[in-house]
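Please look through the sequence and the model below before reading on.

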Amino acid sequence: MARPIYRTSARPLRRALERLYDGGMRLPRLDVGQLRFALHPASGRLYVTLAQTKRLGTIMRNGIFKPVEDITPTENATVLTVLDDILGAVKTLSAFTPSPKCAVCGIPLGHAIDRTRGIGDKCWRKGEFWRVEKRSSGAGTRSSKLAKRRKVRPK
Ligand SMILES: [Zn+2]
């Protein structure tokens, strides 16, 4: 019997990790607790591991998640839930961690805004992680407001 595969919306995450790679990070990845999503730059695939020891599967360039044979139903469900709103998961974990660290590079997060995001300012900017945020966050409204503000008065 063929193993099941799953459609995910991991594309924005992959693009963010690719931007970090282009910015000089050798092995870009994002940790959500024990879950790690690591970019394989040559193929554009994301490798999913648990606790840095167990491989859980691969996310292909087209966003399809192919789990390994011995993944448990709980592990499988967790990967899919996290991928559904990965920044939401990062934020939630950061909020409940006494000394939160950057989900990308692991540095301790000091500033309130970094703690809220769960990602340090440098990684957030280099990866342009705001592009990863769920589309339902009213991005359209915000950009039109910015466009108005950017209007330049003639001299
Ligand atoms: Zn970082």
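## The helix α1

In this predicted model, helix α1 spans residues 11–22, and its 12 residues reach 16 Å from the first C-alpha to the last, close to the 16 Å expected at 1.5 Å a residue. Buried within α1 are L13, R14, A16, L17 and L20. Seen down the helix axis, these buried residues fall within an arc of 160°, so they line one face of α1.

The cover over the buried residues of α1 includes the strands β2 (29–32), β3 (35–40) and β4 (45–50), together with the helices α3 (86–95) and α5 (121–127). Just after α1 comes G24, which takes a positive phi of about 110°.

## The sheet and its edges

The model contains an open sheet of 6 strands, ordered β1-β6-β5-β4-β3-β2 and paired in the antiparallel sense. At its edges stand β1 (6–7) and β2, each with a single partner strand, so one side of each is left without a neighbour in the sheet.

## Strand β3 and its two hairpins

On one side of β3 lies β2, and the two strands pair antiparallel over 4 bridges, with V32 standing opposite L35 in β3. They form a hairpin with 2 residues between the strands, and G33 in its turn has a positive phi of about 60°.

With β4, strand β3 also runs antiparallel, here joined by 6 bridges, and L35 stands opposite L50 in β4. The hairpin of β3 and β4 has 4 residues between its strands, and in it G44 takes a positive phi near 75°. The two faces of β3 can be told apart by their cover: L35, F37 and L39 make up the covered face, whereas R36, A38 and H40 make up the uncovered one.

In soluble globular proteins, nonpolar side chains tend to be buried together. Here the largest nonpolar core has 32 residues, of which L13, V32, I86 and I119 touch the most other members. At least two residues of this core come from each of α1, β2, β3, β4, β5 (54–59), α2 (73–84), α3 and α5.

Which residues does L13 contact, leaving aside its neighbours within four places in sequence? They are L30, F37, I86 and V132.

## The chain as a whole

The protein has 6 helices and 6 strands, and read along the sequence they follow the pattern β-α-β-β-β-β-β-α-α-α-α-α. Buried residues make up 29% of the 155 residues in the protein. Among contacts between residues at least 6 apart in sequence, 45% join residues at least 24 apart.

## Confidence in the model

The mean pLDDT of the protein is 89, and 85% of its residues reach 70 or more. Over residues 137–151, however, the pLDDT is below 50, and beyond near neighbours in sequence this stretch has 0 contacts in the model. Where pLDDT is low, the predicted coordinates should not be read in detail.

Key: Residues are numbered from 1 along each chain as its sequence is written. This is a predicted model: local features need pLDDT of at least 70, side-chain atom pairs count only at pLDDT 80 or more; totals for chains, interfaces and linings use all residues. The expected span of a helix is 1.5 Å times one less than its number of residues. A residue is buried if 20 or more other C-beta atoms lie within 10 Å of its own, exposed if 12 or fewer, and partly exposed in between; C-beta atoms are placed from the backbone. The arc is that of the directions from the helix axis to the C-beta atoms. Two residues are in contact if their C-beta atoms, placed from the backbone, lie within 7 Å. pLDDT is the predictor's confidence in each residue, from 0 to 100. A nonpolar core is a set of buried Ala, Val, Leu, Ile, Met, Phe, Trp, Tyr and Cys residues joined through C-beta atoms within 7 Å. Two strands pair if DSSP finds at least two bridges between them.
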